[in-house]
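Hi,

Here is the structure I promised to pass on. Have a look at it, and then read my notes below.

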Amino acid sequence: MTVDVRLNAILDPERAGGRPLVDLARALVAGGATLVQLRDKHGSTRRMIEEARALVDVLAPFGVPLVINDRVDVALAAGAAGVHVGPDDMAVEDARAILGPGAIVGHSIKTLDAAERVPLDLLDYAGVGGVYATLSKDNPAPPMGPEGLGKIRAVLRRRAPTMPVVGIAGIEIGNAAPVVAAGADGVAVISALSLSPDPEVAARTLRTIVDGVLAERAA
Ligand SMILES: Cc1ncc(COP(=O)(O)OP(=O)(O)O)c(N)n1
Ligand SMILES: Cc1nc(C(=O)O)sc1CCOP(=O)(O)O
Ligand SMILES: [Mg+2]
């Protein structure tokens with residue numbers, strides 16, 4: 001499945017400024033989010049399934065897929081489109097085996113070594129980072145910058161030329177363009193969207209930036 005990663009909005013109740021996630025989702029999709037991820041690291045399983053079901057209902061009319069961070073069981077229970085798993089989560093092979101060929105499976109790639117080893121044939125997209133410093137993740141790795149993303153991108157392009165890559169960590173309006181110029185097909189963002197005074201405008205601005213650099217790259 002080809003996943004549109006141009007603007008991957010990640011919803012995290014701890015980084016939502018107290019706003020209901022469904023309201024944020026509506027605003028972000030209106031502004032141009034193409035993929036939504038639910039990331040709830042500390043809530044109960046029951047709360048996460050309820051959040052996910054509500055988001056599936058809100059996103060369905062727009063045709064924007066919802067992926068669930070870390071939790072294959074929650075994705076199945078809520079009827080979400082798929083999962084995003086990192087190197088400490090369920091293995092990509094296991095997530096794909098459980099969810100089947102029609103689901104979206106995304107995976108975090110943080111090193112050149114991982115870019116060489118990960119079973120890319122089982123993946124729909126890769127989240128590459130951390131690109132910049134972030135306050136949204138505990139114990140983040142040192143930022144690799146757009147240059148680091150570009151090096152990982154080159155390995156991924158050699159192994160899986162059409163697999164989309166999304167940059168993550170600390171991406172905002174002022175620094176998104178170099179991430180796409182370095183080879184990302186989109187940006188994955190929490191704070192600069194969910195903590196913005198106007199999330200819809202923030203999403204529209206980021207989408208315009210991403211689309212502009214993608215168009216330059218294609219020209
Ligand atoms: C699009 C995207 N890329 C990377 C991540 C990070 O996943 P992970 O390393 O498993 O960290 P947590 O999000 O689980 O803390 C992501 N969530 N999304
Ligand atoms: C979920 C996540 N993963 C990261 C990684 O580096 O793998 S950084 C991150 C949080 C990104 O949030 P913000 O846009 O607020 O920086
Ligand atoms: Mg994870």
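One term before we start: a residue counts as buried if 20 or more other C-beta atoms lie within 10 Å of its own, as exposed if 12 or fewer do, and as partly exposed in between. Also keep in mind that this is a predicted model.

Let's begin with V155, which sits in helix α6 (residues 145–159). V155 has 18 other C-beta atoms within 10 Å, so it comes out as partly exposed. Leaving aside residues up to four places away in sequence, V155 touches L112, A115 and E116. A115 is 40 residues from V155 along the chain, yet their C-alpha atoms are 6.3 Å apart.

Next, the ligands. Ligand 1 has 15 residues around it, and those that come nearest are G86, S108, G127, I168 and A188. Two elements, β5 (104–109) and β7 (165–168), each give two or more residues to this shell. Sorted by class, the shell around ligand 1 holds three nonpolar, eight polar and four charged residues.

Ligand 2 also has 15 residues around it, with G130, T134, S136, I190 and S191 coming nearest. Its shell divides into seven nonpolar, seven polar and one charged.

Finally, there's a helix pair to look at. Helix α1 (residues 21–31) packs against helix α9 (residues 199–218) at an angle of about 35°, and their axes are 7 Å apart. The crossing is right-handed. On the α1 side the contact includes L24 and L28, and on the α9 side V201 and R207 are among the residues involved. By class, this contact has eight nonpolar, one polar and three charged residues.

Cheers

Note on methods
Residues are numbered from 1 along each chain as its sequence is written. Chains are lettered from A and ligands numbered from 1 in the order in which they are written. This is a predicted model: local features need pLDDT of at least 70, side-chain atom pairs count only at pLDDT 80 or more; totals for chains, interfaces and linings use all residues. Helices (H or I, at least four residues) and strands (E, at least two) are DSSP runs, numbered from the N terminus. Two residues are in contact if their C-beta atoms, placed from the backbone, lie within 7 Å. A residue is near a molecule or strand if its C-beta atom, placed from the backbone, lies within 6 Å of it. Ala, Val, Leu, Ile, Met, Phe, Trp, Tyr, Cys and Pro count as nonpolar, Asp, Glu, Lys and Arg as charged, and the others, Gly among them, as polar. Axes are lines fitted to C-alpha atoms, for helices over the stretch in contact, and angles run from 0 to 180 degrees between N-to-C directions. A crossing is left-handed if the near helix is turned anticlockwise from the far one by less than a right angle, and right-handed if clockwise.
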